[in-house]
Amino acid sequence: MLANKRILLIIGGGIAAFKSLDLIRRLREQGANVVPVLTKAAEEFVTPLSASALAAEKVYRDLFDLTDEAEMGHIELSRAADLVVVAPATADLMGKMAGGLANDLASTLLMATDKPVMIVPAMNVKMWEHPATQRNLATLQTDGVRVVGPDEGPMACGEFGPGRMAEVPEIVDAVSAFLSDGPLKGRHILVTSGPTHEPIDPVRYIANRSSGAQGTALAEALRDLGANVTFVTGPAQVAPPEGVTVRKVETAGEMLAAVEAALPSDAAVFAAAVADWRVENASDQKMKKTEGAGLPALEFSENPDILKTVSQMTTGRPGLVVGFAAETNDVEANATAKRARKGCDWIVANDVSPETGIMGGSENKVSIVTADGVEDWPRLSKQETARRLAARIADALK
Ligand code: C5P
């Protein structure tokens, strides 16, 4: 299952490090080649000799060994792998990763790698629940790091709760699922999602009812087919998926900047419900209700059309550009006209009239408008709609 896959296994210094020795064996049983790296603290728990014997590979321990010309340099070591796994990922290692520190071999490899990273946290329950660890976790997830576990249960320190390292079979399953060759492997796909918030003043804003559910489901479905997904999201009600690179934005202007920064991509899907207008005379200070002063007059200006901007790029346009059309009437005709007006390849059209319950709901009923015509799909869960759309995108990028 993992034949010819190379895994760089960074073993951190925690009591759970003993499980990492078994992890080496189980990954090798699946056909993987495992190169172990031990932190100084890890050597207090497992010996380099055990790791090396089980991996049948040299164990790497010291940054400065790797400056020797005869050795594999740390850049090369960090990039020769298909996946970097950190198990156990201690609070300290997570902190270094989130903060971008590189002061030993493990942390330097993690900074230098251009490969996906998976962490398997293991620490005392209070350390896991500490706001600093939770902050670091959120940062790492936003950076696209995959997280396996931790489990809940009795711990070596005698306490009980979340913080136990995931069991080895669970880690092997996560690695196998991640490294299986989906049809979108090696493809970069950009997805926008959620509403935008356009400020009126520091406490008020204009928004819409988009929950972000369809865009999130789509990012997950594309990720599951092996794509490397950049997920640009406005303030949505649903949490962004794991295992994708998340860029959080508020306004349409910020969304355009995040999209431009994320390009190039093989495909781009614009599922966000972007506000068409922003308040031109937004106030820096909270607007006051002053007796007798009358009502405030808001002036609007047009937001950039992100879908149109990307669709009409002359250089660096993604190979496939997909827009969404939320309509309340004449869905097909409006979507067909929108496809031409925006210059995108496909439009995914849906009826968001309140009686459909689609906006903010769990189901969707879409029509796909392409150069070949219109295809009506049945009413499906947003997840199933996403899976079908992701499969169609994979087909188009073949
Ligand atoms: O014009 P309309 O808002 O109906 O078009 C919807 C499509 O255009 C969606 O894919 C949406 O993400 C995108 N859009 C955009 N930037 C805007 C407005 C809409 O990318 N300012």
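Is A207 buried, partly exposed or exposed? A207 counts as partly exposed, because its relative accessibility is 39%, which falls between the 20% limit for buried residues and the 50% limit for exposed ones. This briefing describes a predicted model. The protein chain has 398 residues, of which 48% count as buried. It contains 13 helices and 21 strands.

**Overall dimensions and surface**

- The C-alpha trace of the protein chain spans about 75 × 60 × 45 Å along its principal axes.
- The protein chain exposes about 18,900 Å², and carbon and sulfur atoms supply 50% of this area.
- Among contacts in the protein chain with a separation of 6 or more, 66% are between residues 24 or more positions apart.

**The surroundings of A207**

- A207 is located in the loop between strand 10 (205–206) and helix 9 (213–224).
- When neighbours within four places in sequence are left aside, A207 is in contact with T196 and H197.
- A207 and A273 are separated by 66 residues in sequence, and their C-alpha atoms are 9.4 Å apart in space.

- Five strands form an open sheet in the order 2-1-3-4-5, with parallel pairing.
- Strand 2 (33–38) and strand 5 (146–147) are the edge strands of this sheet, since each of them pairs on one side only.
- Within the sheet, strand 1 (residues 6–11) and strand 3 (residues 83–89) run parallel and are joined by four bridges.
- I7 has L83 in strand 3 as its bridge partner.

**Strand 16 and its partners**

- Strand 16 (residues 320–327) has eight residues, seven of which are buried, so this strand is largely enclosed by the rest of the structure.
- Strand 13 (residues 267–270) runs parallel to strand 16, and four bridges join the two.
- A267 has L320 in strand 16 as its bridge partner.
- Strand 17 (residues 346–351) also pairs with strand 16 in the parallel sense, over six bridges.
- F324 stands opposite V348 of strand 17.
- Together with helix 12 (residues 331–342), strand 16 and strand 17 make a right-handed β-α-β unit.

- K19 belongs to helix 1 (residues 17–29). K19 is buried because its relative accessible area of 12% is under the 20% limit.
- Apart from its neighbours within four places in sequence, K19 is in contact with M165, A166, E167 and V168.
- F18 also lies in helix 1. F18 counts as exposed because its relative accessibility of 53% is over the 50% limit.
- I15, F18 and F45 make a nonpolar surface patch of about 330 Å².

**Salt bridges**

- The structure holds 20 salt bridges.
- One of the salt bridges joins the side chains of E167 and K19, with an N to O distance of 3.3 Å. E167 lies in the loop between strand 7 (160–164) and helix 8 (168–179), while K19 lies in helix 1, so the pair ties together parts that are 148 residues apart in sequence.
- In this pair, E167 counts as partly exposed at 33% relative accessibility, whereas K19 is buried at 12%.
- The side chains of R26 and E29 also meet in a salt bridge, at 2.5 Å from N to O. Both residues lie in helix 1, three residues apart, which is about one turn of the helix.
- R26 counts as partly exposed at 29% relative accessibility, whereas E29 is exposed, with a relative accessible area of 53%.
- R26 and E29 belong to a network of salt bridges that also links D22 and R25.
- A further salt bridge is made by the side chains of D201 and R204, with an N to O distance of 2.4 Å.
- D201 counts as buried at 3% relative accessibility, whereas R204 is partly exposed, with a relative accessible area of 35%.

Definitions and conventions
Residues are numbered from 1 along each chain as its sequence is written. This is a predicted model: local features need pLDDT of at least 70, side-chain atom pairs count only at pLDDT 80 or more; totals for chains, interfaces and linings use all residues. Side-chain values use heavy atoms; hydrogens and water are left out. Buried means under 20% relative accessible area, exposed over 50%, partly exposed in between (1.4 Å probe, protein chains only). Contact means heavy atoms within 4.5 Å. Patches are made of residues with over 30% relative accessible area and no salt bridge: like charges are joined within 9 Å, nonpolar side chains (Val, Leu, Ile, Met, Phe, Trp, Tyr) within 5 Å. Accessible areas come from the Shrake-Rupley method with a 1.4 Å probe; for residues, only the protein chains shown count as cover. A salt bridge is a side-chain nitrogen of Lys or Arg within 4 Å of a carboxyl oxygen of Asp or Glu. Two strands pair if DSSP finds at least two bridges between them. A crossover is right-handed if, with the strands pointing away from the viewer, the path from the first strand over the helix to the second runs clockwise.
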